[in-house]
Amino acid sequence: MSVDAITVRKIASLARIAVTDAEVEALVPELNNILDWVEQLGGVDTTGVEPMASVIPNRQRLRDDVVTDGGIRDKVLANAPQAEHGFFAVPKVIE
Amino acid sequence: MSSMTDLTALTISDLRDGFRAGSFSARETAEAFNAAVVSGRPLNAFLVETPDHALAAADKADADRASGDLKPLSGVPLGIKDLFCTAGYATTAASGILDGFVPTYDSTITSKLFGAGAGMLGKLNLDQFAMGSSNETSAFGNVLSPWRRNDGGNAALAPGGSSGGSSAAVAARMAPGATGTDTGGSIRQPAAFTGISGIKPTYGRCSRYGVIAFASSLDQAGPMAQTVRDCAILLETMAGFDPKDSTSLDEAVPAWEKSLSPDLKGKRIGIPKEYRVDGMPAEIEALWQKGIDWARDAGAEIVEVSLPHTRHALPTYYIIAPAEASSNLARYDGVRYGLRDLPEGANLQDMYAATRAHGFGAEVKRRIMIGTYVLSAGFYDAYYTKAQRVRALIARDFEEAWGKCDLLLTPTAPSAAFALGEKSADPLAMYLNDVFTVPSSLAGLPAMSVPGGLDAQGLPLGLQIIGRPLDEQGVLDAGLAIEERAGFTTRANRWW
């Protein structure tokens with residue numbers, strides 16, 4: 001499997017990263033080099049092997065469904081590029 | 001204090017014990033290191049200097065000593081990798097996208113270190129979002145290794161990465177110890193490149209809360225310092241169960257320092273034959289043999305073992321880590337913190353794309369895009385699920401090896417430090433640097449690097465010890481046995 005310029009633009013769009021034509025041109029061979037290299041895994045026999053998601057055996061913990069923090073609105077907003085009236089502010093979404 | 005004592009030359013255990021014994025004050029120590037941080041500026045190891053934090057902790061330690069209330073790290077100032085959130089101090093992950101971010105809370109680890117009496121000298125440079133092996137992906141410039149080759153040239157060398165600011169600061173004695181994080185070798189490889197020690201504990205030992213995420217199933221924090229004992233001291237404070245981290249291990253923290261022993265009688269140390277990779281420099285091979293001899297001298301039995309899936313570890317890592325990174329880094333959207341790039345007339349989607357294009361560095365974008373691709377519809381099973389299956393086989397290799405041995409001994413990296421710029425144009429060449437450190441990361445095992453000697457160019461080389469899950473004690477003990485026999489005391493000649 002290899003990627004072309006159209007695929008790179010699609011990936012960039014999915015990743016929400018704006019790319020210039022020059023960047024796409026450079027990324028096509030870069031990504032293909034890496035993808036060609038990782039494709040060697042296709043040759044490893046993994047029949048009957050379960051995918052590993054958790055590396056050290058650990059149990060899922062549950063806790064009581066109670067509020068353990070909160071009341072820190074100003075702290076939450078402290079780093080926002082733009083905050084207004086106690087909310088994060090973004091460009092208009094609905095015309 | 002005796003005017004003859006250079007406090008910045010002391011280890012953490014010496015600083016702690018000397019302070020307790022009344023040989024010098026915590027303030028004298030903090031002032032000495034604050035001055036070293038200033039004079040070390042040419043190395044670009046610190047992104048933010050926090051002398052006031054170090055002094056305040058020192059004054060508190062001096063007062064505590066007077067009232068008999070000593071804490072484990074009273075009198076010890078530290079450098080903090082800028083991947084750890086620190087309340088009131090800028091935290092950037094060395095990325096432009098966190099420009100202006102000042103956390104309102106502390107990571108669990110910094111909170112524990114400060115609670116144990118340690119002061120902070122500053123925030124340390126790193127590869128952007130910890131993605132790199134040379135510190136060259138930082139948005140704030142390269143860190144220079146304090147080491148130089150003995151060939152008379154002045155080539156600027158990489159301090160390793162991603163914890164390159166941490167390794168340079170400790171090696172240049174701008175800090176007696178530092179925090180690091182290790183996703184695929186980011187504590188061990190920089191430690192090896194700069195002639196210091198560093199340990200990545202078992203996955204889940206150190207809380208990830210407040211540590212800026214790269215690849216969550218792999219990220220582990222750990223200490224970097226001059227000696228194995230110092231690593232044990234710092235790790236005792238850093239480790240421990242944290243309900244704020246869903247993968248934190250609910251395990252007691254052993255008294256690693258107190259139990260340290262260089263006696264390896266009864267231990268079987270495995271030498272994995274697959275780590276004899278093609279093209280490995282003879283000097284690395286020779287150092288490895290020395291390490292084997294030292295372990296045997298310390299009483300260990302040496303056994304050859306096989307980890308047959310070793311060569312698949314790097315490609316597995318370079319699917320799993322970017323996949324997790326692409327998900328973790330989705331949070332940088334220009335809305336809640338950090339950079340916002342809002343071009344004239346842009347809508348919300350344009351703002352996301354412009355912010356991320358502007359804020360992320362090239363290597364970070366490359367990894368996000370690889371991760372996005374391998375997780376995308378139609379490719380998920382072929383890449384991501386396949387990598388998770390191979391990861392299971394790599395972990396199984398280690399489990400089978402533990403039937404024959406208690407610890408593994410390998411080189412830490414396939415070469416000594418390379419020059420800045422030497423590998424930065426070729427991502428794959430850079431990735432290969434982590435060939436010996438990535439497998440144990442994928443298996444979540446504790447592993448450390450200790451200095452073993454110098455190569456022909458006068459640069460440090462490290463040996464890696466890998467242990468069973470939760471056997472940090474075994475790893476530290478073997479590290480100590482090697483440290484005592486290697487007698488590595490060479491320090492970088494001061495040129496800065």
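**A walk through the annotated site and the chain contact**

Let's start at B:S162, which sits in the loop between strand 3 (119-124) and helix 5 (164-171) of chain B. Keep in mind as you look around that this is a predicted model. Is B:S162 buried or exposed? B:S162 counts as buried because it has 35 C-beta neighbours inside 10 Å, and 20 or more is what a buried residue needs. Setting aside neighbours within four places in sequence, B:S162 is in contact with several residues, among them B:D127, B:M131, B:N135 and B:S186.

The "active site" annotation in an unreviewed UniProt entry covers B:K81, B:S162 and B:S186. These residues are spread over 106 residues of sequence, yet they cluster in space, with a largest C-alpha distance of 11.3 Å.

Now move over to B:K81, which you'll find in strand 2 (residues 77-81) of chain B. B:K81 is buried too, since 32 other C-beta atoms lie within 10 Å. Again leaving out neighbours within four places in sequence, its contacts include B:L124, B:L126, B:S163, B:G165 and B:T181.

Next, zoom out to where the chains meet. The contact takes 36 residues from chain A and 54 residues from chain B. On the side of chain A that touches chain B, the elements giving two or more residues are helix 1 (5-14) and helix 2 (21-38) of chain A. Helix 2 of chain A provides the largest share, seven residues.

How values were computed
Residues numbered from 1 in each chain as written. Chains lettered and ligands numbered in written order. Predicted model: local features only at pLDDT ≥ 70, side-chain atom pairs only at ≥ 80, totals over all residues. UniProt positions renumbered as here; feature names shortened; annotations may be inferred. Helix = DSSP H or I, 4+ residues; strand = E, 2+ residues; numbered from the N terminus. Buried ≥ 20, exposed ≤ 12 C-beta atoms within 10 Å, placed from the backbone. Contact = placed C-beta atoms within 7 Å.
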